[in-house]
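Trainee: Could you walk me through this one? I'd like to know what stands behind each label.

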Amino acid sequence: MDLKSLIRDIPDFPKPGILFRDITTLLRDRQGLRYTIDFFTQKCIEANLEVDYVVGMESRGFIFGTPLAYKLDVGFIPVRKKGKLPAAVHSIEYQLEYGTDCLEVHQDALTPGSRVLIVDDLIATGGTASATAKLVQQIGCELTGFGFIIELRDLQGRKHLPDVPIISLIEY
């Protein structure tokens, strides 16, 4: 299946000069969504990833991470923006192009030694994925890989990530 044909390009969003890759058109296509999750699962199995948890970043990482965790028969852990989780959290601040941001995970969500696959819809510069990796590694988890639906190769996000398998289904 040609997944690129199910992704809409929106020029000049969220600001002039940016070409936004909109996955909502993929999500609404039942065959495309099913294929995406099945193909993602297949790629993880082919990469021999040993995983206890899929960690998905807010918010589109939730969309793909949860069904992937289901298919891999493992748990799903949400990583959220600051102040969104109700219990005690581990947190990490990280640099954005203009300023900083913060990600959090519940303190009881992961235990040291857990094997983690980090999932998001897209990797661009790699900042959010890199921060999430640092967060789970600070907890003492083993990072086994990353998974993305879309990779924007020109932005070279991979170079900011640890040396573990990286799965991307579509490259631009």
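Mentor: Let's start with Ser59, which sits in the loop between β3 (53–57) and α3. This is a predicted model, where local features need pLDDT of at least 70 and side-chain atom pairs count only at pLDDT 80 or more, while totals for chains, interfaces and linings use all residues. Residues are numbered from 1 along each chain as its sequence is written, and side-chain values use heavy atoms, leaving out hydrogens and water.

Trainee: What is the omega of the peptide bond from Glu58 to Ser59?

Mentor: Omega is near -10° there, and the bond is cis. Phe13 and Pro14 are joined by a cis peptide bond too, with omega of about 5°. Pro14 belongs to the loop between β1 (8–11) and β2.

Trainee: Why is Pro14 called exposed?

Mentor: Its relative accessible area is 61%. The cut-offs are under 20% for buried, over 50% for exposed, and partly exposed in between (1.4 Å probe, protein chains only). So Pro14, at 61%, counts as exposed. From Pro14 to Pro78 there are 64 residues in sequence and 25 Å in space, C-alpha to C-alpha.

Trainee: And why is Asp12 called partly exposed?

Mentor: Asp12 is in the loop between β1 and β2 as well. Its relative accessibility is 49%, so the label is partly exposed. Asp12 also has a positive phi, about 60°, although it is not a glycine.

Trainee: Where is Asp73, and what is its phi?

Mentor: Asp73 is in the loop between α3 and β4 (75–81). Phi is near 60°, a positive value in a residue other than glycine. At 70% relative accessibility, Asp73 counts as exposed.

Trainee: How do you know that the side chain of Asp22 makes a polar contact with the side chain of Arg8?

Mentor: The distance is 2.7 Å. A polar contact needs a pair of N or O atoms within 3.5 Å; within protein, one must be able to donate a hydrogen and the other to accept it, and residues adjacent in sequence count only if both atoms are side-chain atoms. The side chains of Asp22 and Thr24 have a polar contact as well, at 2.9 Å. Leaving out residues up to four places away in sequence, Asp22 touches Ile7, Arg8 and Ile10, where contact means heavy atoms within 4.5 Å.

Trainee: Why is α2 called oblique to α3?

Mentor: Helix α2 (residues 30–46) and helix α3 (residues 60–72) pack at about 55°, with axes 10 Å apart. That angle makes α2 oblique to α3. Under 35 degrees would be roughly parallel, over 145 roughly antiparallel, 65 to 115 roughly perpendicular, and the rest oblique. The axes are lines fitted to C-alpha atoms, for helices over the stretch in contact, and the angles run from 0 to 180 degrees between N-to-C directions.

Trainee: Which residues make the contact?

Mentor: On α2, the contributors include Leu33, Ile37, Phe40 and Ile45, and on α3 they include Phe64, Leu68 and Leu72. By class, the contact has nine nonpolar, two polar and two charged residues. For that count, Ala, Val, Leu, Ile, Met, Phe, Trp, Tyr, Cys and Pro are nonpolar, Asp, Glu, Lys and Arg are charged, and the others, Gly among them, are polar.

Trainee: Why does Phe148 count as buried?

Mentor: A relative accessible area of 0% makes Phe148 buried. Phe148 is in strand β8 (residues 142–151), and its contacts beyond four places in sequence include Phe40, Leu122, Leu161 and Ile166.

Trainee: What makes Ile166 buried?

Mentor: At 18% relative accessibility, Ile166 is labelled buried. Ile166 is in strand β9 (residues 166–171); with residues up to four places away left out, it touches Phe146, Phe148, Arg158 and Leu161.

Trainee: And how do you know that Gln138 is exposed?

Mentor: Gln138 has a relative accessible area of 58%, so it goes down as exposed. Gln138 is in helix α4 (residues 127–139), and apart from neighbours within four places in sequence, it is in contact with Ser91 and Ile92.

Conventions
Helices (H or I, at least four residues) and strands (E, at least two) are DSSP runs, numbered from the N terminus.
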